[in-house]
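Subject: Structure handover

Hello,

Here is the structure I said I would pass on. My notes on it follow below the model.

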Amino acid sequence: MAVDLKDSETKGNLMRAFAGESQARNRYTFAAEQAKQQKLHVIEAVFRYTADQEREHAKIFYQHLKELAGETIQVDGGYPIDITEDMVQLLKKAQHNEYEEHDPVYKAFGDKAKEEGFPQVARSFYLIADIEKFHGDRFGRFAKLLEEDQLFVSKVKTGWICLNCGYTFEGMGAPEKCPVCDHDKGYFIRLELSPFAGAMEAGQEPIL
């Protein structure tokens with residue numbers, strides 16, 4: 001049954017989601033700074049890339065509250081304290097949080113929004129829930145590579161790319177320094193995991 005947004009549970013759920021995404025963005029920014037200090041520039045890039053997407057999620061949820069501009073919404077919520085020097089654990093904690101947002105949190109929020117007559121809000125919750133699942137998968141993959149000491153080496157010959165200058169090559173591991181820009185090994189990522197790698201097909205030039 002449709003209800004006014006100001007009298008709905010969805011109003012509070014949107015503010016909880018806005019707060020959660022805002023905190024996630026800051027946690028990932030802090031984690032990126034820590035990865036940079038540890039010379040794990042690829043992990044830094046992953047955290048910053050995800051942080052930017054969380055910022056956009058926060059904006060989407062906030063905009064759904066536009067008709068209530070000028071009001072203050074009181075909500076209760078619990079948010080994680082993910083502080084550790086262990087980068088693998090930071091990645092795993094991020095994975096856990098993303099999966100939790102995916103299901104049950106955002107799916108439940110979407111169901112409630114649909115029930116209360118807010119189909120566009122429900123759509124946002126459902127679609128962003130799927131994105132959070134993808135975020136969790138990505139964090140988990142990098143945690144596994146780092147934990148197994150496979151972030152900069154491979155068991156088979158594979159493609160690598162320097163995230164700073166774009167130099168690529170094939171080999172069993174990243175060089176200690178990029179031969180083009182002289183940045184250290186921490187800037188290298190497997191070509192298959194690099195941004196926009198999907199634009200390339202085997203044997204073809206990249207689409208620019």
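A residue counts as exposed when its relative accessible area is over 50%, and as buried when that area is under 20%. Asp149, with a relative accessible area of 60%, is therefore exposed. Please keep in mind throughout that this is a predicted model.

Backbone angles

Asp149 lies in the loop between H4 and strand E1 (153–162). Its phi is positive, about 55°, although Asp149 is not a glycine. Most residues other than glycine have a negative phi. Lys39 is another case: its phi is positive at about 60°, and Lys39 is not a glycine either. Lys39 sits in the loop between H1 and H2 and counts as exposed, at 54% relative accessibility.

Helix H2

Helix H2 covers residues 41–63, which makes 23 residues. From first C-alpha to last it reaches 33 Å, close to the 33 Å expected at 1.5 Å a residue. An α-helix has 3.6 residues a turn, so residues three or four places apart point the same way. The buried residues of H2 include Ile43, Phe47, Thr50, Glu54, His57 and Phe61. Which elements cover the buried residues of H2? The cover includes helix H1 (9–37), helix H3 (87–115), helix H4 (119–147) and strand E3 (188–190).

Nonpolar cores

The largest nonpolar core has 28 residues, and the members that touch the most others are Ile43, Phe47, Met87, Leu91 and Phe142. At least two residues of this core come from each of H1, H2, H3, H4, E1 and E3. As for Ile43, once its neighbours within four places in sequence are left aside, its contacts are Ala35, Met87, Leu91, Phe142 and Leu151.

Sheet

Three strands make up an open sheet with the order E2-E1-E3 and antiparallel pairing. Strand E2 (168–173) and E3 are at the edges with a single partner strand each, so one side of each has no neighbour in the sheet. From one strand to the next, the twist averages 40°. E1 and E2 run antiparallel and are joined by five bridges. Opposite Glu170 in E2 stands Gly159. Thr158 is also worth a look; this residue belongs to strand E1 and is buried, with a relative accessible area of 13%. Apart from neighbours within four places in sequence, Thr158 is in contact with Phe169, Glu170, Gly171 and Glu192.

Cysteines

How many disulfides does the structure hold? The number is zero. A disulfide here requires a pair of cysteine sulfur atoms within 2.5 Å. The cysteine sulfur closest to that of Cys162 belongs to Cys181 and is 3.7 Å away, which is too far for a bond. Cys178 is likewise in no disulfide, as its nearest cysteine sulfur, in Cys165, is at 3.6 Å. Both Cys162, at 1% relative accessibility, and Cys178, at 2%, count as buried.

Regards

Technical notes
Residues numbered from 1 in each chain as written. Predicted model: local features only at pLDDT ≥ 70, side-chain atom pairs only at ≥ 80, totals over all residues. Heavy atoms only, no water. Buried < 20%, exposed > 50% of the residue type's maximum accessible area, 1.4 Å probe, protein only. Helix = DSSP H or I, 4+ residues; strand = E, 2+ residues; numbered from the N terminus. Expected span 1.5 Å × (residues − 1). Contact = heavy atoms within 4.5 Å. Pairing = 2+ DSSP bridges. Axes fitted to C-alpha atoms, helices over the stretch in contact; angles between N-to-C directions. Core = buried A, V, L, I, M, F, W, Y, C linked by side-chain atoms within 4.5 Å.
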